[in-house]
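Here's a quick tour of a protein chain for you to follow on screen. Keep the sequence and the 3D view side by side as you read.

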Amino acid sequence: MKQFHVHINEKEEFIINSKENEAFSICITNNPYYKEREMPTTVMRIEGNRWSGEQMDNLEWEEKILTKGNKISIEIKDSYNKASKLFKDERYVKPEDECTFCHKKKSEVKHLIAAEFFALICDACISECVRLINEKEKT
Ligand SMILES: [Zn+2]
């Protein structure tokens, strides 16, 4: 199995399995929440998503406070080491798709067509567009 091994200062290692329906990201941020608590502000978070049908799990493997001089490296390997334990696993049910224009749900329309940039349009809105275009072309 393909695994991602994340090292901090060539020591601490977090192992994340790379499954087909899983994505993860490593986010390094200056988080004001930590500043309020007078802690160092640079935080690294390893998080991701797992999809199965209409459900998505928000996963979080690790959150580490980083300081100056820290080095992070990621190694991609074919290995079967034990994956790091998740400390957050929240299920999120994907809301029903809807038309970007009239907001009717997928179940309320005959067809819902996906366009670029995540826009969806239903058959009724397409008919209305065709009607408007025809009207404009007459004048
Ligand atoms: Zn519509």
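Which residue in S6 does Lys2 stand opposite? Lys2 stands opposite Asp78. What you're looking at is a predicted model, where local features need pLDDT of at least 70, side-chain atom pairs count only at pLDDT 80 or more, and totals for chains, interfaces and linings use all residues. Residues are numbered from 1 along each chain as its sequence is written.

**The whole chain**

- The protein chain has 2 helices and 9 strands, in the order β-β-β-α-β-β-β-β-β-β-α from the N terminus on. Here helices (H or I, at least four residues) and strands (E, at least two) are DSSP runs, numbered from the N terminus.
- The radius of gyration is 23 Å, well over the 14 Å that the globule rule gives for 139 residues, so the chain is more spread out than a compact globule. That radius is taken over C-alpha atoms, and the globule rule is 2.2 Å times the number of residues to the power 0.38.
- The C-alpha atoms fill a box of roughly 70 × 40 × 25 Å, taken along the principal axes.
- A residue is buried if 20 or more other C-beta atoms lie within 10 Å of its own, exposed if 12 or fewer, and partly exposed in between, with C-beta atoms placed from the backbone.
- Of the contacts with a separation of 6 or more, 43% come from residues 24 or more positions apart. Two residues are in contact if their C-beta atoms, placed from the backbone, lie within 7 Å.

**Two domains**

- The chain is divided into domain 1 (2-93) and domain 2 (106-138), with bounds that come from an automatic or database domain assignment.
- Their centres, taken over C-alpha atoms, are 41 Å apart.

**The S2-S1-S6 sheet**

- These 3 strands form an open sheet with antiparallel pairing; two strands pair if DSSP finds at least two bridges between them.
- S2 and S6 (72-78) are the edge strands, so called because each pairs on one side only.
- From one strand to the next, the twist averages 20°. Axes for this are lines fitted to C-alpha atoms, for helices over the stretch in contact, and angles run from 0 to 180 degrees between N-to-C directions.
- S1 and S6 share 7 bridges, and His5 stands opposite Glu75 in S6.
- S6 is hardly covered: among its 7 residues, the count of buried ones is 0.

**The loop between S1 and S2**

- Asn9 is found in the loop between S1 (2-8) and S2 (12-17), and it has a positive phi of about 50° although it is not a glycine.
- Glu10 is found in that loop between S1 and S2 too; its phi is near 60°, again a positive value in a residue other than glycine.
- Are these two buried or exposed? Asn9 is exposed, with 11 other C-beta atoms within 10 Å, and Glu10 is exposed as well, with 9.

- S4 (residues 42-52) and S5 (residues 55-65) run antiparallel, joined by 10 bridges.
- They form a hairpin with 2 residues between them, and Gly53 in the turn has a positive phi of about 60°.
- Ser52 stands opposite Gln55 in S5.
- S5 is also joined to S7 (residues 88-93) by 6 bridges, and these two run antiparallel. Here Glu60 stands opposite Lys88 in S7.
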